[in-house]
Amino acid sequence: MTVSLVLIIIMGALFAAGVYAMLERSLTRVLIGFLLLGNAANLFLLVVMGRPGIAPFFGDSADPEQMSDPLPQALTLTAIVITFAVSAFLLALIYRSWQLGQADTVHDDEADLEVRERAPEDEDTMDDEITEEDDDATTDFVGTNTAPITVLHHRDVEGIRDDAPTDRPGGGR
Amino acid sequence: MSGLVPLLVTLPLLGAAVALIFGRRRKVQVGVSILTLTTVLVVAAILLYTVDSTGLPLAVSVGGWPVPFGIVLYVDRLAALLVVVSSIVLLAVLLFSVGQGAADGDDETPVSIFHPSYLILAAGIFNAFIAGDLFNLYVGFEILLVASYVLITLGSTESRIRTGVVYIVVSLVSSILFLAAIAAIYGALGTVNMVQLSQRMGELPEEVQLVLHLLLLLAFSIKAAVFPLSFWLPDSYPTAPAPVTAVFAGLLTKVGVYAMIRTETQIFRDSDVNTLLLIVALATMIVGVLGAVAQAELKRILSFTLVSHIGYMVFGLAVATPASLGATIYYMVHHIVVQTTLFLAVGLVERRAGSTSILKVQGLMRAAPVLAVLYFIPAINLGGLPPFSGFIGKFALFDAAAREGTPLMYILIIGGIITSLLTLYALMRAWNLAFWREEEDHADDTPERMAYLGGAPAAATQTERRVIPRIMTAATAGMVGVTLALTVFAGPLYQLCASIGEALQEPITISQLDEEARQ
């Protein structure tokens with residue numbers, strides 16, 4: 001099987017950049033990371049396709065050796081569609097997250113924090129980590145300053161109506 | 001008979017489409033969902049009966065492509081059994097959520113997306129169980145994951161968005177890993193058909209096999225919540241609506257375990273990572289249950305026990321004898337049913353008492369005796385007290401491991417027993433505080449006592465107390481009935497599981513698969 005070195009290098013770079021971006025607290029960066037990772041995986045599928053050739057199934061006289069392998073292409077197409085759908089959902093989620101808290105950051109689990117606070121002697125290291133967190137870990141929307149950890153309850157922002165039903169799947173307010 | 005196989009996936013998808021069309025008409029939606037899942041249950045039961053009585057798996061090549069090239073749907077006894085159990089669970093949870101929805105009068109609120117998403121989730125689960133090739137398994141996973149993203153953020157409140165994000169990002173990472181693993185496997189062997197993979201895998205050098213094997217296991221371990229890849233689960237499950245958590249806890253992690261079983265027994269038969277899996281299983285059991293003991297909120301306790309009991313299944317898988325595989329499958333069936341039932345019971349507690357914190361809830365034994373029974377039976381079942389199915393499953397598992405007789409096996413058996421006892425402790429602590437404690441006890445709670453109990457957790461949301469509609473109690477009671485049936489009919493069921501365990505040891509060849517697909 002012959003593969004293209006350039007494609008492999010690009011794939012590696014995309015994987016690396018994608019993982020780096022996904023480790024951020026800001027959801028928008030996570031989305032970008034996910035898109036990079038998805039494309040890297042798609043490139044991987046194309047790499048394993050081997051040397052590109054003529055289109056399969058058409059032109060019956062062609063030698064099968066010269067055709068390109070159709071299966072990875074089919075797999076890639078499916079994967080692209082899935083990535084597309086998930087990115088659309090993530091965008092909606094980011095928008096909702098911003099609507100609710102004016103931030104698109106991932107917060108710590110409150111119940112986890114409660115359990116952690118019960119053992120104060122172990123807390124020193126954890127606290128240091130939190131205070132050292134840099135301020136630009138969130139994507140800055142419309143000039144609103146947002147800190148990465150705190151949840152802001154800006155529910156009365158003009159033009160944004162919080163109409164989310166609470167607590168149960170059936171809804172109700 | 002094989003004509004029935006595609007119905008398992010197409011029926012829920014069609015049902016979802018119809019339910020979406022009737023988004024504004026609640027009753028039609030409910031009718032469509034119940035009808036769809038009942039039909040699927042009947043189809044699955046027929047398939048299980050056929051496959052079990054003939055002893056031959058059913059295969060369907062979709063689109064008429066010859067076998068190794070096209071998509072193959074493949075139903076053996078394992079897949080058929082799991083499809084039957086999942087459709088029972090899905091149906092019961094659907095009834096539970098219908099009861100909840102009807103009582104809350106949600107005709108006015110625009111959460112019409114629940115039923116379509118739920119049916120798509122069902123389609124994804126069934127597709128993953130009957131997938132005959134790795135890529136179709138990936139598609140099944142994606143279908144159920146995308147539906148689960150919608151369900152876990154249902155209503156998009158602030159807490160659900162927060163926990164949903166964790167769940168979604170972790171799932172995305174595991175999906176990408178799975179896709180990369182498929183690409184690597186296709187590059188190495190030129191096929192994604194699982195039967196063909198198992199035949200060709202021997203041609204590869206051992207190191208390459210090991211890399212592919214670990215990559216695939218890594219992706220599935222995230223989905224199955226195996227330590228150290230399990231931390232997302234107790235963080236994200238508890239905030240979702242009660243029926244959603246119940247069905248996720250019962251089924252989604254088990255789809256991951258199922259994929260691990262296929263990986264170990266079918267694809268990588270020669271590559272051996274069982275020692276690693278045994279160590280991971282021990283860590284999953286112990287770390288999970290220690291987490292459960294530390295919690296003071298019922299849903300979180302259950303989420304942690306869920307993680308720890310995945311350890312038993314990995315344990316059985318890693319022992320890798322026919323007897324241990326049979327025990328693993330019995331345990332899987334038991335755990336799907338019991339864990340779902342417990343989450344449903346806790347959903348009822350949340351409704352009745354307005355909270356799931358075991359420090360705030362009290363006196364439920366007197367206030368709601370039926371509910372107390374509905375919690376108590378699955379709780380001691382999960383803890384592994386005889387004569388319930390949890391005991392049978394664990395006993396069979398330990399018996400199969402002891403037959404191997406290596407020191408590591410005995411360490412795992414001891415770990416398993418400790419986990420079982422700690423599970424019982426965590427669940428009975430909840431029982432003592434939430435049910436057994438008298439209502440007035442609360443008045444003389446001193447600050448010291450509260451501090452000793454561990455303080456009130458923030459995740460336990462205080463909602464108003466409401467009456468429980470009959471249909472919710474009935475759905476939960478039905479599930480408790482199923483857990484008891486697992487005990488009463490343990491003989492025939494265990495025999496079926498044991499025969500599955502033996503069949504997994506002798507996989508079919510590609511020519512046999514081709515023959516089955518042509519019929």
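This is a predicted model: local features need pLDDT of at least 70, side-chain atom pairs count only at pLDDT 80 or more; totals for chains, interfaces and linings use all residues.

Modeller: Residues are numbered from 1 along each chain as its sequence is written, and chains are lettered from A and ligands numbered from 1 in the order in which they are written.

Colleague: Which helix of chain A has the highest confidence?

Modeller: Confidence is given as pLDDT, the predictor's score for each residue from 0 to 100. Chain A averages a pLDDT of 71, and 58% of the residues score at least 70. The lowest mean, 44, belongs to helix H5 (residues 123-131) of chain A. The highest mean is 92, found in H1(A).

Colleague: How many contacts does the model have for residues 140-173 of chain A beyond four places in sequence?

Modeller: A contact is a pair of residues whose C-beta atoms, placed from the backbone, lie within 7 Å. Over residues 140-173 of chain A the pLDDT stays under 50. Beyond four places in sequence, the number of contacts in the model for this stretch is 64.

Colleague: Why do the buried residues of H1(A) line one face of the helix?

Modeller: A residue is buried if 20 or more other C-beta atoms lie within 10 Å of its own, exposed if 12 or fewer, and partly exposed in between, with C-beta atoms placed from the backbone. In H1(A) the buried residues are Met11(A), Leu14(A) and Gly18(A). Seen down the helix axis, and taking the directions from that axis to the C-beta atoms, these residues line one face because they fall within an arc of 65 degrees.

Colleague: Which exposed residues does the face of H1(A) turned away from its buried side carry?

Modeller: On the buried side, the cover includes helix H2 (27-48) of chain A. The face turned away from that side carries the exposed residues Leu5(A), Val6(A), Ile9(A), Ala13(A) and Tyr20(A).

Colleague: Which element of chain B has the lowest mean pLDDT?

Modeller: Chain B averages a pLDDT of 85, with 92% of the residues scoring at least 70. Among its elements, helix H4 (residues 114-130) of chain B has the highest mean, 92. The lowest mean, 53, is that of helix H18 (residues 447-453) of chain B.

Colleague: Which residues touch the most other members of the largest nonpolar core?

Modeller: A nonpolar core is a set of buried Ala, Val, Leu, Ile, Met, Phe, Trp, Tyr and Cys residues joined through C-beta atoms within 7 Å. The largest one has 232 residues. Not counting residues up to four places away in sequence, Val349(B) touches residues including Leu298(B), Tyr375(B) and Ala434(B). Those that touch the most other members of this core are Ile130(B), Ile182(B) and Val349(B).

Notes: Two residues are in contact if their C-beta atoms, placed from the backbone, lie within 7 Å. Helices (H or I, at least four residues) and strands (E, at least two) are DSSP runs, numbered from the N terminus.
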